[in-house]
Amino acid sequence: MTTKDKGSKPGPTPHTNRPSLLQDSTFDLPGTAHASLSLNTAEAARHEEKCIQHQDVESGKGPADLHGPPSSSCSARSGNTVPTKDEVTYPEGGLKAWLVVLGSFSGMLAAFGMMNTIGTFQAYLRTHQLAQYTDSEIGWIFSVYVFLAFFCGVQIGPVFDAKGPRLLVILGSILLLMSIFLLGICTKYWHFLIVFGILGGTGTSLIFTPAISSIGHFFLAKRANATGIAAAGGSIGGIFMPLMLQSLFPRVGWAWTTRILGFVFVVLLVLANLLIRSRLPGKPGGSVLPDFKIFRDPAFALTTAGVFFLEWGLFVPITYLTSYALSSRAMSSTFAYQLIAIFNTGSTLGRWAPGYMADRLGRFNTMVLTVVLCAVSTLALWLPAAFLSDTASRHSEPSSAVFGLVVTYSLLFGFASGSNISLTPVCIGQLCDTEEYGRYYATCYTIVSFGTLTGIPIAGSLLTTSNGAYWGVALFTGLCYLGALVAFVTVRVMKAGWSMKTVF
């Protein structure tokens with residue numbers, strides 16, 4: 001085996017948590033060419049010797065004291081036809097690959113578009129069907145929805161690894177359509193909890209996990225960019241859905257507004273079912289259970305902690321920004337409902353641009369930069385606005401500065417937080433083999449989902465405790481992002497050191 005391999009191999013971006021390969025794949029910005037993950041001559045000789053030793057052990061000719069099973073490439077030499085990591089090639093484009101991205105975009109437009117519109121639903125329900133309930137009680141409906149959207153990945157990710165996306169996307173489409181069409185006849189709290197929270201959350205998860213994971217079968221070097229394009233679908237859905245709901249609520253009422261949205265979902269989900277597909281073979285003998293032993297890897301454990309803090313804080317402004325704008329009296333109720341659309345306008349660019357940058361600057365490097373912007377914008381813009389509006393409310397005078405602070409925050413935080421969805425999958429994928437990506441991703445979000453379950457109700461309780469003042473909600477959000485920043489910086493330093501020039 002020589003250092004000059006033929007064919008298209010995985011690109012320069014690190015893609016494993018094995019220390020020896022990781023060191024070979026990290027590189028510096030100035031004057032650095034594309035690195036190869038193929039073994040060099042000396043490594044090939046050691047690899048060959050190890051394979052021979054394992055074969056001797058299996059045949060009874062050698063000592064049985066080797067640590068660990070033979071590598072997948074040794075298995076391939078013994079007759080296993082499943083491609084090894086070094087043998088896998090990625091199209092990095094082409095019609096089939098970009099059609100998968102289009103299908104993922106359509107699925108995310110429906111599933112995550114609905115998720116990015118929960119602020120509009122929350123603001124409407126708290127003044128209509130659920131006016132007699134507290135913010136914390138109403139928050140549980142949406143927290144259950146977001147929790148299931150991520151927690152169900154504990155099974156969906158491994159099933160994707162073993163079976164592919166087809167049946168998962170079909171079942172998710174059925175559940176999501178049931179949720180949106182039944183929503184129009186809901187009148188009681190438990191109706192919304194079951195229809196929106198349980199049906200909608202489970203359906204979203206069945207679409208979202210395969211939509212993201214399937215992109216990893218067609219892209220490696222350009223994976224962050226492709227994932228960002230697909231994830232932008234959720235933000236675009238978060239732009240037109242709030243505007244559509246705001247326009248239709250007074251014209252046709254709650255029931256027909258949700259039905260019209262359901263017909264839009266039908267078109268989007270048909271495209272998702274036709275176009276989302278996988279390419280690499282399933283992992284032989286793989287189970288559909290999560291593997292929590294991978295938390296023994298400190299980098300993966302810290303990455304999971306970072307994502308936990310991200311999601312713990314992310315859905316608080318998504319849920320409460322419209323309600324805050326209405327209570328601040330710094331803007332009209334019409335503009336307050338449009339604020340979530342402004343937020344998602346920033347998020348649309350934020351889901352694509354950081355992904356594009358990450359393929360050049362490094363996935364974790366870009367994640368650290370966007371998390372810094374999330375923390376700074378929350379603590380420097382929303383927190384002061386919350387204090388100003390609270391002070392103004394006690395003097396019965398709306399603050400003119402609040403309007404500018406909130407609009408600026410919506411755009412900046414929307415842009416920065418867009419990376420929470422687009423960069424998280426590729427950061428996780430950087431720590432594992434592609435064939436194990438669904439399992440790693442699902443295991444991570446099994447833990448992260450508990451943050452999404454509790455974040456919204458905690459914010460609602462803070463709101464009740466502070467007598468309707470939102471400064472506690474803003475402070476909680478900012479602290480969550482500071483916690484995420486510590487975790488991601490630690491992983492980056494562990495794997496690539498302190499040098500700012502190292503792409504990781």
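**Helix packing and a cavity in a predicted model**

Q: Why are H5 and H6 called roughly antiparallel to each other?
A: In this predicted model, helix H5 (residues 118-125) and helix H6 (residues 135-151) pack at an angle of about 150°, and an angle over 145 degrees counts as roughly antiparallel. The value lies over that cut-off, and H5 and H6 are therefore roughly antiparallel to each other. Their axes are 11 Å apart, and the crossing of H5 and H6 is right-handed.

Q: Which residues make the contact of H5 with H6?
A: On the side of H5, the contact is made by Ile118, Phe121, Gln122 and Leu125, while H6 brings Asp135, Ile138, Phe142, Tyr145 and Val146. Sorted by class, this contact has 7 nonpolar, 1 polar and 1 charged residues.

Q: What makes H11 and H15 roughly antiparallel to each other?
A: The axes of H11 and helix H15 (residues 419-429) cross at roughly 170°, and since the class of roughly antiparallel takes in angles over 145 degrees, H11 and H15 are therefore placed in that class. The two axes come within 11 Å. From H11, the residues Phe300, Thr303, Val307, Leu310, Glu311 and Leu314 meet Asn420, Ile421, Thr424 and Ile428 of H15, and by class this contact has 6 nonpolar, 3 polar and 1 charged residues.

Q: Which residues is Phe308 in contact with, leaving aside its neighbours within four places in sequence?
A: Phe308, which lies in helix H11, is in contact with Ile447, Val448, Phe450 and Gly451 once those neighbours are left aside, where contact means heavy atoms within 4.5 Å. Another separation can be given for this residue: the C-alpha atoms of Phe308 and Ala487 are separated by 9.9 Å, although the two residues are 179 residues apart along the chain.

Q: How many cavities of 30 Å³ or more are there?
A: The count comes to 4, where a space is called a cavity because a 1.4 Å probe fits in it but cannot get out. About 60 Å³ of space lies in the largest cavity.

Q: What lines the largest cavity?
A: Its lining is made of 13 residues, and Asn116, Leu314, Ile318, Arg351 and Ile421 lie nearest the centre of the cavity. Two or more lining residues come from each of helix H4 (95-115), helix H11 (298-328) and helix H12 (333-361), with H12 giving the largest share, 4 residues. By class, the lining residues divide into 7 nonpolar, 5 polar and 1 charged.

Conventions. Residues numbered from 1 in each chain as written. Predicted model: local features only at pLDDT ≥ 70, side-chain atom pairs only at ≥ 80, totals over all residues. Heavy atoms only, no water. 1 Å grid on protein atoms, 1.4 Å probe; cavity = no way out; pocket = protein on both sides within 12 Å on 5 of 7 lines; lining within 4 Å. Points joined across faces, edges and corners; volume = space filled by probe spheres on them. Nonpolar A, V, L, I, M, F, W, Y, C, P; charged D, E, K, R; others polar. Axes fitted to C-alpha atoms, helices over the stretch in contact; angles between N-to-C directions. Parallel < 35°, antiparallel > 145°, perpendicular 65-115°, else oblique. Left-handed = near helix turned anticlockwise from the far one by under 90°.
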